[in-house]
Amino acid sequence: MNEPWSKQHKREFKSCKFSLSNSFAQPLSMPELMNKLKASGDSGTELIDLYHNHNLEYVPNGGSLDLRRDIARIIYDDKLPAENILIFPGAQAAVQTATLAFATRGVHSIVFTPGYQSTVESPQWAVGNAGVTKLRRRPENDWQVDPEELRGAIRPDTKFLILNEPYNPGGIVMSAALQKEVIGICREHCIVILCDEVYRLLEHDDAVRLPTMANAYEQGISAVTMSKPWGGCGITIGWLACGDKGMVQRMVDVQYFGSACPSRASEIQGRMVLRVSDTILRERRDVILENKALLQDFIENRYSEWFQWRRPNAGAIAFVKFIGPWTSEELGNHLAEKVGISMKPAYCFTDSVEGEVEDYFRVGFGERKMTLALEALGKFVDVHEESWRAVMAAND
């Protein structure tokens with residue numbers, strides 16, 4: 001198992017005053033959640049009472065039925081039974097559990113890079129795996145999966161594929177037509193698809209929202225967390241959903257040796273969030289869209305000489321290219337040291353920082369305080385752009 005790609009980032013940016021690193025929506029507070037529940041009526045009050053009076057027994061393996069029922073109803077429109085949803089303390093353990101269940105026993109896997117480390121590397125951690133093929137997502141293709149490259153990477157033993165839609169770090173979701181094509185390719189070869197869907201429900205336009213992989217494909221698994229769309233990072237609740245009960249049982253067997261029992265307090269907080277989900281999501285998306293407009297003006301107008309992007313359409317993140325004289329790592333070091341701005345350089349999303357990708361860095365724009373970081377970044381550019389022009393001219 002390799003070191004965490006973000007380990008260097010956490011060390012070098014930990015004391016920064018401004019953050020463009022955070023990838024979640026505006027964080028939810030307990031007082032805010034309580035006020036929303038009280039305003040929602042009697043059912044919200046019942047959950048508050050349950051939270052203050054629950055016992056501290058073990059919860060069932062895979063999570064309590066009440067939370068699983070709420071997820072089945074609110075997220076999956078009751079198209080999946082509650083028993084087909086497994087609760088975890090966040091999505092990280094969920095992704096690894098699914099991978100350990102399906103990427104072992106002589107299975108070859110396909111993943112996509114750059115990406116969140118668990119979605120790229122976790123099949124390598126499965127004992128008995130038959131190798132992993134990494135396919136590159138490219139900015140000139142709007143960070144989309146290339147179906148022809150996918151077809152070309154499939155071997156007779158390819159039985160596991162990891163997607164991340166909406167895509168991290170690009171902040172772009174594939175089209176419904178492309179999703180159907182990818183599912184068709186995998187169906188033809190009996191390939192399980194694990195889709196990290198942590199930014200689903202934060203689409204900037206509801207029209208681009210995809211069906212969950214658990215609903216769209218009979219061998220599809222959806223991985224979800226409350227931290228990204230709802231800003232419930234401290235709740236530490238995530239889940240896996242899958243339509244095939246046999247596949248669910250395989251994941252239950254793996255989960256038993258990992259995080260079999262989540263916290264009951266966290267489960268009840270998760271139910272609270274789901275009870276007022278629409279309000280929370282609407283408010284979080286409003287912040288995201290306001291910040292996106294500021295970023296769009298910053299990148300496409302004010303500082304287009306120095307930055308480029310493929311405009312995001314989902315989530316609270318974007319992959320931005322610096323077209324000045326430094327790599328993204330060098331830019332990040334200068335920002336941290338000179339003005340205290342944290343961002344995520346390319347090395348946080350790949351084990352091979354080479355070619356064009358070394359110029360990219362991820363920004364997060366889900367929090368209200370992002371505007372302060374963007375203002376500080378603008379001042380930094382104002383100070384340095386003349387020297388950048390001189391270096392660029394000398395290198396021509």
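The side chain of N164 reaches the backbone nitrogen of N168 at 3.1 Å, a polar contact in the sense of a pair of N or O atoms within 3.5 Å, where within protein one must be able to donate a hydrogen and the other to accept it, and residues adjacent in sequence count only if both atoms are side-chain atoms. The model is predicted, with local features requiring pLDDT of at least 70 and side-chain atom pairs counted only at pLDDT 80 or more, while totals for chains, interfaces and linings use all residues. Residues are numbered from 1 along each chain as its sequence is written, and side-chain values use heavy atoms, without hydrogens and water.

N164 belongs to strand β5 (residues 158–164); helices (H or I, at least four residues) and strands (E, at least two) are DSSP runs numbered from the N terminus. With a relative accessible area of 5%, N164 is buried (buried, under 20%; exposed, over 50%; partly exposed, in between; 1.4 Å probe, protein chains only). Leaving aside residues up to four places away in sequence, N164 touches R137 and D196, contact being heavy atoms within 4.5 Å.

Helix α12 (residues 277–302) packs with helix α14 (residues 370–395) at an angle of about 10 degrees, the axes lying 10 Å apart. Axes are lines fitted to C-alpha atoms, for helices over the stretch in contact, and angles run from 0 to 180 degrees between N-to-C directions. The two helices, α12 and α14, are therefore roughly parallel (angles under 35 degrees). In this contact, N291, L294, L295 and F298 of α12 meet M370, T371, L374, L377 and G378 of α14. Of the residues in the contact of α12 with α14, six are nonpolar, three polar and none charged.

The structure contains 25 salt bridges, each a side-chain nitrogen of Lys or Arg within 4 Å of a carboxyl oxygen of Asp or Glu. One of them pairs E218 with R187, with the closest N and O atoms 2.8 Å apart. E218 lies in the loop between α9 (213–216) and β7 (220–225) and R187 in helix α8 (residues 176–188), so the pair ties together parts 31 residues apart in sequence. E218 is partly exposed at 42% relative accessible area, and R187 is partly exposed at 39%.

In helix α14, E375 and K379 lie four residues apart, about one turn of the helix, and their side chains form a salt bridge (3.6 Å, N to O). E375 is partly exposed at 46% relative accessibility, whereas K379 is exposed at 52%.

Definitions and conventions
Angles under 35 degrees count as roughly parallel, over 145 as roughly antiparallel, 65 to 115 as roughly perpendicular and the rest as oblique. Ala, Val, Leu, Ile, Met, Phe, Trp, Tyr, Cys and Pro count as nonpolar, Asp, Glu, Lys and Arg as charged, and the others, Gly among them, as polar.
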